[in-house]
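Biologist: I'd like to learn how to read charged pairs in a model. Can you walk me through it?

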Amino acid sequence: MKEDKDRRRHRRLVFRLTVLCQKVGQAGGTVYAGNTINVSPGGVLAEFGDCRLKDGELVSIDMTIPPTEGLLDYGGRLSGYARIVRVDRPHSLATNQSHSMTRAVALEFCESPKLRV
């Protein structure tokens with residue numbers, strides 16, 4: 001069996017954070033709330049419920065980091081801009097005894113996100 005090589009530049013870490021996205025240039029527009037699936041220095045894979053984001057769009061992104069003893073005792077936020085690389089087809093996700101349709105969205109950071117404490 002042939003081994004597939006990982007072509008990614010950065011290693012991904014499975015990490016669950018709350019994430020908010022909004023299309024750039026649409027002040028007062030829809031804010032999409034979701035959760036990260038994995039995170040790397042180059043981008044993030046996140047899942048969103050009612051998602052109308054499209055490949056190639058530029059979004060502002062804001063991720064909440066929970067308080068972590070010895071690292072970020074009071075928590076913080078990572079914010080910046082990202083380009084949508086891919087929006088996967090909707091799939092069913094069972095959460096808290098309810099079923100909702102979610103989409104996995106791959107985002108590539110345009111620059112390293114800034115940490116605010």
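Modeller: Side chains of opposite charge can pair when their charged atoms come close. We call it a salt bridge when a side-chain nitrogen of Lys or Arg is within 4 Å of a carboxyl oxygen of Asp or Glu. Keep in mind that this is a predicted model, where local features need pLDDT of at least 70, side-chain atom pairs count only at pLDDT 80 or more, and totals for chains, interfaces and linings use all residues. Residues are numbered from 1 along each chain as its sequence is written, and side-chain values use heavy atoms, leaving out hydrogens and water.

Biologist: How many salt bridges does the structure hold?

Modeller: Seven. In one of them, lysine 23 meets glutamate 57, at 3.4 Å from N to O.

Biologist: Which parts of the chain does that pair link?

Modeller: Distant ones: lysine 23 sits in strand β2 (residues 18-23), and glutamate 57 in the loop between β4 (43-48) and β5 (58-65), 34 residues apart. Strands here are DSSP runs of E, at least two residues, numbered from the N terminus.

Biologist: Is lysine 23 buried or exposed?

Modeller: Buried means under 20% relative accessible area, exposed over 50%, and partly exposed in between (1.4 Å probe, protein chains only). Lysine 23 has 16% relative accessibility, so it counts as buried. In contrast, arginine 52 and aspartate 50 are both exposed; their closest N and O atoms are 3.1 Å apart in a salt bridge.

Biologist: Which residues are linked in a network of salt bridges?

Modeller: Asp62, Arg77 and Arg116. Aspartate 62 and arginine 77 meet at 2.2 Å, N to O. Aspartate 62 lies in strand β5 and arginine 77 in strand β6 (residues 76-87), so this pair ties together parts 15 residues apart in sequence. Aspartate 62 is buried at 13% relative accessibility, while arginine 77, at 28%, is partly exposed.

Note on methods. Helix = DSSP H or I, 4+ residues; strand = E, 2+ residues; numbered from the N terminus.
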